[in-house]
Amino acid sequence: MNFNGRSILFVALGCGLIVVPTLGVQAQQATDPSLQARPASDQDQGPDPLKRERSDEEKFKAQKEVRQELKGAYKTWLDQDVAYIITDEERKAFKNLGNDEEREAFIEQFWLRRNPNPDSSDNEFREEHYRRIQYANDHFAAGKPGWKTDRGHIYIAFGPPDSTESHPSGGSYQRPIDEGGGETSTFPFEVWHYRYLEGIGDNIDIEFVDTCQCGDYHFTIDRSEKDALAKVPGAGLTQWEEMGMAKKADRFKGGFENLGAGPMASQNQSKEFDRIELAAKLFAPPPIKFHDLESAMSEHKLLSGPVFPFDVRTDFVKVTSSTVLVPVTVQIRNRDITFVTKDGVAKGVVNILGKVTTLTHKTVQTFEDTVEVEQPAELLQKSLDRKSIYWKAVPLLPGLYRLDIAIKDVNNPDHIGVYGRSLEVPSYHDEKLGTSSLILADQIYPVSSHDIGQGSCVIGNIHVCPRVTQNPATPVSYKRDQDLNFWMQVYNLGINDQTKSNEAKVTYQIIDTKTNTVVFEKEQDSKDFGEHSDQLTVEKTLPMAGLQPGRYKVTIKINDEISKQEIAQSAPFVVE
């Protein structure tokens with residue numbers, strides 16, 4: 001390779017640019033003793049980060065990263081199931097737990113602290129709480145689940161009111177004197193009256209107003225909010241405004257209520273802060289009544305002995321995204337019960353014990369009860385062909401469990417029966433269309449307001465007692481002179497953002513399974529069942545007289561036109 005003079009010069013200059021700074025550093029080291037004394041590694045690197053002590057902030061961050069994130073069923077339990085009854089201290093403690101085992105223990109203790117009867121295996125507080133959530137979802141939904149509404153909040157926290165003043169269509173309203181008197185027109189509103197609320201006071205009135213007229217009643221401390229003519233000049237005047245003793249414009253000069261001047265105006269102003277205090281107490285978590293309880297529920301051993309036959313059916317009804325109500329129906333034939341006759345009355349007594357356990361044999365629910373069957377002695381023989389029903393609704397988280405049930409004939413202690421099966425509780429995801437079990441029942445009818453959620457075979461405000469067979473694969477049977485009753489709930493319907501209503505088609509069919517032909521079909525709009533709700537209940541009674549003896553199935557299909565999802569449930573039955 002040939003180089004000319006200029007090439008050699010550029011190469012030399014390039015080498016000089018590289019070499020000269022290096023020589024400069026070496027010269028500086030030679031003249032600076034401090035640099036000569038330091039090791040080469042210390043000159044090239046700073047302090048070792050692994051040996052440096054971490055700050056408190058860094059330690060806390062590391063601990064937080066190790067802690068498992070709160071998610072899934074536990075997050076839903078905290079944010080939905082117990083949102084209105086958990087205290088701030090409990091919420092903070094639950095969020096600081098590090099693993100699912102600790103959370104399971106916390107949830108168990110949470111309910112135990114609230115159990116009104118520590119000696120009982122049943123937790124009445126928990127069962128009542130989930131009943132209230134179910135009722136709120138059934139009755140107060142308005143473009144969102146009922147438990148999220150203000151009426152749902154108050155109902156879950158305090159239960160049903162002692163009385164209700166309801167104006168579902170609004171319209172003409174004669175104001176009471178403490179609201180200024182005079183006549184006006186209102187939005188839909190309700191006033192709930194409680195005679196007594198512990199920790200709050202006596203004769204509590206709680207007002208809800210539906211200003212959007214979309215079914216979403218919100219809590220208010222401003223009694224004038226329901227006045228639809230409040231901002232219409234010259235309309236809906238109070239008593240003093242009609243008499244020329246006050247002007248309507250004077251209502252809007254500040255204050256929490258814009259009731260207007262009237263005979264009791266000064267008293268209303270003095271009570272405004274009382275209404276704010278009432279609101280604060282209403283929406284605060286209720287106090288825990290029971291603290292000194294055992295750390296775990298007592299265990300029971302299942303009975304064993306000669307066979308006492310009985311049938312069991314389990315169904316699933318959504319309460320929240322993370323909690324499912326599991327109605328357990330036990331059916332016993334009267335012929336298998338030992339009756340003892342005394343004073344002209346034949347009486348049979350059966351003890352029932354049930355237990356739900358996890359796959360790791362941890363008991364999560366137990367129930368015990370006694371079923372008594374009484375008949376006049378002269379009618380005993382005729383009643384032996386009848387069946388007796390025991391029904392228990394158990395709230396569970398989604399997952400796989402084992403259900404064990406044992407029964408004992410009290411009048412014949414050696415006569416016992418045992419049942420044990422796996423129990424897979426489904427999950428209901430908010431974004432996915434879902435249904436409860438499809439129940440074929442003997443009777444379906446609404447219960448009175450005093451019996452809502454109470455007693456045997458009551459789901460919400462409906463009495464629905466399932467027909468039970470020896471196993472789930474065996475179809476239930478009906479006589480031709482009987483009615484076919486079926487019940488099912490649908491969850492997570494789409495809601496139109498503009499109309500705040502659902503838009504779905506509900507189709508129910510009766511199909512002859514031998515020929516696979518549809519012998520009955522009817523379609524309804526979901527609005528017929530409750531237009532403002534993301535949940536609806538399908539209940540229907542059909543006579544069997546038009547069906548020939550044979551095997552059939554009833555199918556309910558849901559086509560949600562908003563979410564573009566479809567779902568169907570079927571149940572077989574036999575006509576004799």
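This is a predicted model: local features need pLDDT of at least 70, side-chain atom pairs count only at pLDDT 80 or more; totals for chains, interfaces and linings use all residues.
Let's start with the cysteines. How many disulfides does a search of the whole structure find? The answer is one. As a quick reminder, a disulfide is a covalent bond between the sulfur atoms of two cysteines. Here the partners are cysteine 212 and cysteine 214, and their sulfur atoms sit 2.0 Å apart. If you look along that link, the angle about the S-S bond is -60°, and the link is left-handed.

Are these two partners buried or exposed? Cysteine 212 has 43% relative accessibility, so it counts as partly exposed. Cysteine 214 has a relative accessible area of 13%, which means it is buried.

Cysteine 457 is buried, because its relative accessible area is 2%. Cysteine 465 is buried too, with a relative accessible area of 11%.

Now, on to the aspartate.

Aspartate 534 is buried, yet it has no salt bridge. Which side chain of opposite charge is nearest to it? That is lysine 318, 5.8 Å away.

So what does touch aspartate 534, if we set aside neighbours within four places in sequence? Its contacts include Ala141, Lys144 and Pro145. You will also see it in contact with Val490, Tyr491, Asn492, Leu493 and Ile495.

Conventions: Residues are numbered from 1 along each chain as its sequence is written. Side-chain values use heavy atoms; hydrogens and water are left out. A disulfide is a pair of cysteine sulfur atoms within 2.5 Å. Buried means under 20% relative accessible area, exposed over 50%, partly exposed in between (1.4 Å probe, protein chains only). Lys and Arg count as positive and Asp and Glu as negative; His and the chain ends are not counted. A salt bridge is a side-chain nitrogen of Lys or Arg within 4 Å of a carboxyl oxygen of Asp or Glu. Contact means heavy atoms within 4.5 Å.
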